[in-house]
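Notes follow in the order I took them.

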Amino acid sequence: MKNLFARKSPENVPEDHLTQTDDSLNELRKLLVGSLQSQVEEIQELLKNQGIHPEEVSKILPEAIMIRSSRDNQILRAMEPITEEAIKTSIERDPRVLVDVFVPVMLPAIKKAITSLIREMIQTFSATLEHGLSMRGLKWRFEAFKTKKPFGEVALLHSLIYQVEQIFLIHKDSGLVLQHVASDEAVTQDPDMVSGMLTAIQDFVRDSFGGGKDDSLENLQFGDRSVWIEQTSQAVVAAVVWGNAPEEFRSILRETLDAIHFKHIDTLRSFDGDTAPFEAEERLSDCLKSQFKSKEKNSFLLWVLLTVLIVCIGYWSFFFIRDHIRWKDCVERLHNEPGIVITETGRKSGRYYIFGLRDPLSENPGEILEKTKLEPEKMRFNWELYHSSHPIFIIRRIRSILRPPETVTFELKNSILHARGTASYEWVVDAEKLAETIPGISGFRSDDIVVIDLKAIETSKEQIEKTLFFFDKVSAKIRSGQEDTVRELVRHIQETDHLAQILDKDIRIEITGHTDSTGSNEKNLEISQKRAEELFSIFVSQGVRPELFTVTGAGSSALLREENSEADREFNRCVSFKMTLKDKESRPVGRPLEENGVGDKTSPDLPSGQNKAGDKASSDLPSGQNKAGDNASPDLPSERSRSEGAEFGPL
Amino acid sequence: MIKKKICMLGAFSVGKTSLVQQFVKSIFSDKYLTTVGVKIDKKTVTAGDRDVELLLWDIYGEDEFQKVKTSYLRGAAGYFLIIDGTRGDTLETAFKLRDRTEGAIGEVPFILVFNKADIEDEWEIDGKTLEDLSGDGFTVVRTSAKTGMGVEEAFLSLTQKMLEG
């Protein structure tokens, strides 16, 4: 090497000495040094420049830096401020220069980071969408609120189920497995072959679809499993994951791989197939992660709840539908009912309601409701009353106002009301007055009414009370030959009953049994009672209403004739009749005779002997008509009231 | 444990897959199945006092339409160049493949395997060629994937070479 530093040279020749040489000496020198002349001149030139020669420095500078930097980092320290300053100056002058330089380096890295970020965001967003509105979602929302974490993060944490089953650390070039870890549950194949195939697939994909040297397969998906691949220039880590792992797992893989890469960089570069240095590596095992939902635990409870819910819904639906059908039926029935007009129906606070118009004479809606089996508390009626112009209702209204006897029928012709049948004179007079006041009726014609008065009943009464039935001694059977009399009497009674109905009256016939005065009183009472009952049963068997009669056994206490002869006694063995007539209102309605009338004999508080046929008298009949001649006062005799009044009231 | 990646290279239908099958599973099938892409097998051999795990990359056979992709060769510690003795052109293919391999991954140990030794009377390549190649410093092995002849030796021989470096 040439000496660069002139001062350090021991053979330093003074310059003035050279200038003083003469030509001969030069000649001699040429002869002596000859071909070395140029070198000598070069040395002279160098000696002339005592400072550092840049040309020479540039030749040795790189080498000098390398030697020095291998010893210590002084050069780095020296360079640092200068480099910083240089960059700063460059940016100040024109930032584009540096930008142009860095773009190729930075862009792929930025692109990768953004892609990863967007993927993570999409995953978070999907999780939010999926679980945002569910019950579980609400629970997570509360948790997010409590922990002050974003909802997406909480949702992801809970919803991802995954297990990292296997991890391969692979030498990138050879595809040989450096380390393989697997979870206990994982089913593994030969890791070397799997890793070989993975490497081959990587190569295959790159060869087949092009792409740069740094592009690589990052994910393989097959069914529920996926293979997550991360790589550096020397090593590849591939994780087999079951389920959905969070995107952050990739970062974990990356960090692990980077750590291993830097730790074993030399071993990886000079890898010759010996995997021993990697076997002690524990970082990979830390990546075997998993997360499971505790879903299975709750599934039984969930099913039970679900079943209960379905049963409840089914139960409720059944009743709801049933009620709805009944409700429809009810509305239909009411709709078809004359005199009822439905204006509005609906359901409000769990109850059905019907608004409408109703004629007071129409069918009771409550009864219609009962027929449909709909519970009354589920229904609310709101009726406005009105008068229906339907002919049926006009007739009904006429009937309710005129109160005709059952024998009268009506017909409406051109607003003229025609009455037919039989009725009392009083009714006809009243009806003619009332009919004028009924809306929709402009006239009343009673031409076809057969007018009946009390006289007809009087005649019948006489016929009935005149009749007697005779009996043999001690016998309770009517003597033969009186059959025609029975028929005649039955006819009279029925006619009288009919007339009384027309006149709005009730008749009551008292059947009294008698005996002659021979024999004991008790026996006579018994026989007389039986004789009266005999007639009662004959009448009933012939179709007369039983409630018309009272039955009394008088024994021998009410003899019809004084007994002077056997013929008198024969006459006294009989059954006699007494008829009374009363206004309908005065009698309690609907109390049948079977229960009470014949019950005279069963009346516990009265001895039968106190029943006296002759006591009975009617206040509205002339006393002279009392055939038996027992003139009773119009106010009721105390005996009768005791024996019958308890049962029938005043007759 | 030492692991080595070995590639099986050669023209199509020279018997690469059959050799691997014979070596790994001791089976042979007459049925010809063309290899698509790569098939990987593994076998542990003992060379000297060391166990070596061989990862056998059985790469599809090269033909005029399909050149072997050198990316499959990366990281290989050694390779076989399989030649079908009955087809002279497969030797030519083998050398082309060697050149490409060395271009891609540098010089690594390899062995020339002349397969189908069970039908040597049908061979196009004569014994002299083999001797010449041996003379040139190549390791030459005669094998028969069908009978198993020379297969074990071929693999052991390559393993030995790889370990020697």
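**Chain A, overall**

I began with contacts: in chain A, residues 24 or more positions apart account for 66% of those with a separation of 6 or more. For me, two residues are in contact if their C-beta atoms, placed from the backbone, lie within 7 Å. Before going on, I noted that this is a predicted model, where local features need pLDDT of at least 70, side-chain atom pairs count only at pLDDT 80 or more, and totals for chains, interfaces and linings use all residues. Residues are numbered from 1 along each chain as its sequence is written, while chains are lettered from A and ligands numbered from 1 in the order in which they are written.

I then listed the elements of chain A and got 23 helices and 16 strands. These are DSSP runs numbered from the N terminus, with helices being H or I of at least four residues and strands being E of at least two.

Next I checked burial, and 23% of the 651 residues in chain A come out buried. Buried means that 20 or more other C-beta atoms lie within 10 Å of the residue's own, exposed means 12 or fewer, and partly exposed is in between, with C-beta atoms placed from the backbone.

Just after α2(A), A:G34 has a positive phi of about 45 degrees.

I moved on to helix α5 (residues 74–93) of chain A. How many of the 20 residues of α5(A) are buried? The number is zero, so α5(A) lies largely in the open.

At 1.5 Å a residue, the 20 residues of α5(A) should span 28 Å, and the end C-alpha atoms are 29 Å apart, which agrees. The expected span here is 1.5 Å times one less than the number of residues.

α5(A) is bent, by about 30 degrees at A:E80, and a proline, A:P81, follows within four residues. I take the bend as the angle between axes fitted to the seven residues ending there and the seven starting there.

Then I looked at how α5(A) sits against helix α4 (residues 54–71) of chain A: the angle is about 115 degrees and the axes are 7 Å apart. Axes are lines fitted to C-alpha atoms, for helices over the stretch in contact, and angles run from 0 to 180 degrees between N-to-C directions. α4(A) and α5(A) are therefore roughly perpendicular. My scale is under 35 degrees for roughly parallel, over 145 for roughly antiparallel, 65 to 115 for roughly perpendicular, and oblique for the rest.

On the α4(A) side I wrote down A:I65, A:R68 and A:S69, which meet A:Q74, A:I75 and A:L76 of α5(A). By class that contact has three nonpolar, two polar and one charged residues. Ala, Val, Leu, Ile, Met, Phe, Trp, Tyr, Cys and Pro count as nonpolar, Asp, Glu, Lys and Arg as charged, and the others, Gly among them, as polar.

I picked out A:R403, which has a positive phi of about 45 degrees although it is not a glycine. A:R403 sits in the loop between α16 (391–402) and β10 (409–413) of chain A, and is partly exposed, with 13 other C-beta atoms within 10 Å.

A:V474 is another non-glycine with a positive phi, near 65 degrees. I found A:V474 in the loop between β13 (469–470) and α19 (483–502) of chain A.

Is A:V429 buried or exposed? A:V429 counts as exposed, with 12 C-beta neighbours inside 10 Å. Its place is in helix α17 (residues 425–435) of chain A.

**Chain B**

Chain B has four helices and six strands, in the order β-α-β-β-β-α-β-α-β-α along the sequence. Of its 165 residues, 44% count as buried.

I checked helix α1 (residues 16–25) of chain B against helix α4 (residues 151–164) of chain B: their axes come within 9 Å and cross at roughly 90 degrees. B:L19, B:Q22 and B:F23 of α1(B) make the contact with B:V151, B:E152 and B:F155 of α4(B).

**Where A touches B**

Last, I looked at the interface, where 18 residues of chain A are in contact with 19 residues of chain B. Helix α9 (residues 191–209) of chain A gives the largest share of the chain A side, nine residues. By class, that side has five nonpolar, six polar and seven charged residues.
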